[in-house]
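Good morning, and thank you for joining.

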Amino acid sequence: MKANLGKKLAMNQCKRLGLVTVLYNSPEILNDFFESINNQKNINFHLYVIDNSSLSEPLALSKVLVEQYKLPVTFIDNKGKNVGVAAGNNQGIKAALSDGCHYIGLINNDLIFSKSDVLVSLCLSLNEYDLVTPKIYAYPEGDVWFEEGYFDNLRGTTPHSLITDKSVMPYAPTCFLICKSEIFEVCGIMDEWYFAYYDDSDFLYRVNKAGYQLGFIKSVYIQHKVSSSTGGSYSDFTIYYATRNRLYFIRKNIKKILPLFFTVLSRIFTFPKIKYKQYGLLVKAIIDGLRAKV
């Protein structure tokens, strides 16, 4: 048993993992992230840092921390322009594919890994699955944020909790997702129209449809500083993009009237929870989501 594990570990160390992370105006979260990356053992990786920030601090601090920890890195500077999470991920994915990475990980920089074997454990699991994701806790609350996921085609959502004993599932968020590189060549990269929100749902929908297996590795867990860069569930950014993109996702992939109706109705019921000046933004999001060319 130990001999087999040692053989798999040796083979894994020969394969290169490209880790793609997109910065956006949150320098306060970066110390924990880069320390977590630095603490990872027995893994051959290269970090691709894409800067979407309008502030200079995130990229500047990232360069200091990369130098401090001597991490292998490629920086992609969008010069103060926020091209979106989907486009930023695509920049990193293309660079990693060009560099010959065997595995590609899409990873938020608002994460903390408490153990040093997170990356190697997930990559070893790719001997059994095509994509893998860990269990994710909200930080600092400690509540489970992600524990299995699926596509709810009746409502047009991707719930983060489906308590079963299954190790294979259809959906996981791309805040921490490691894939075999071939998946991007077969299924394509992220749909950049989304900008942010539901771009991961769209990608995983295509991956699932193509028959690839997504493994949920329950023994590996991380912590996530939820909504650290988007301002929370009722920020202008979240209200607009989460609403618009959910409608677009339904029209592009599920292609049924009921989830569209449910989504619009559920948005209307959020009116009491949002500020008066956000009503127009919500209406615009609904119109844009329904009118967008699929």
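I begin with α5, whose buried residues are V118, L119, V120, L122, C123, L124 and S125. Buried here means under 20% relative accessible area, exposed means over 50%, and partly exposed lies in between (1.4 Å probe, protein chains only). Helix α5 covers residues 118-125, and seven of its eight residues are buried. Helices (H or I, at least four residues) and strands (E, at least two) are DSSP runs, numbered from the N terminus.

This is a predicted model, in which local features need pLDDT of at least 70 and side-chain atom pairs count only at pLDDT 80 or more, while totals for chains, interfaces and linings use all residues. Residues are numbered from 1 along each chain as its sequence is written, and side-chain values use heavy atoms, leaving out hydrogens and water.

I turn now to salt bridges, each a side-chain nitrogen of Lys or Arg within 4 Å of a carboxyl oxygen of Asp or Glu. The whole structure contains 11 of them.

One joins K180 to D130, with the closest N and O atoms 3.6 Å apart. K180 belongs to strand β9 (residues 176-180) and D130 to the loop between α5 and β6 (131-138), so this pair ties together parts 50 residues apart in sequence. D130 is buried at 17% relative accessibility, while K180 is partly exposed at 22%.

Another links D288 and K284 at 2.9 Å, N to O. These two residues are four apart in helix α10 (residues 279-291), about one helical turn. Finally, salt bridges with shared partners join D191, D202, R206 and K252 into one network.
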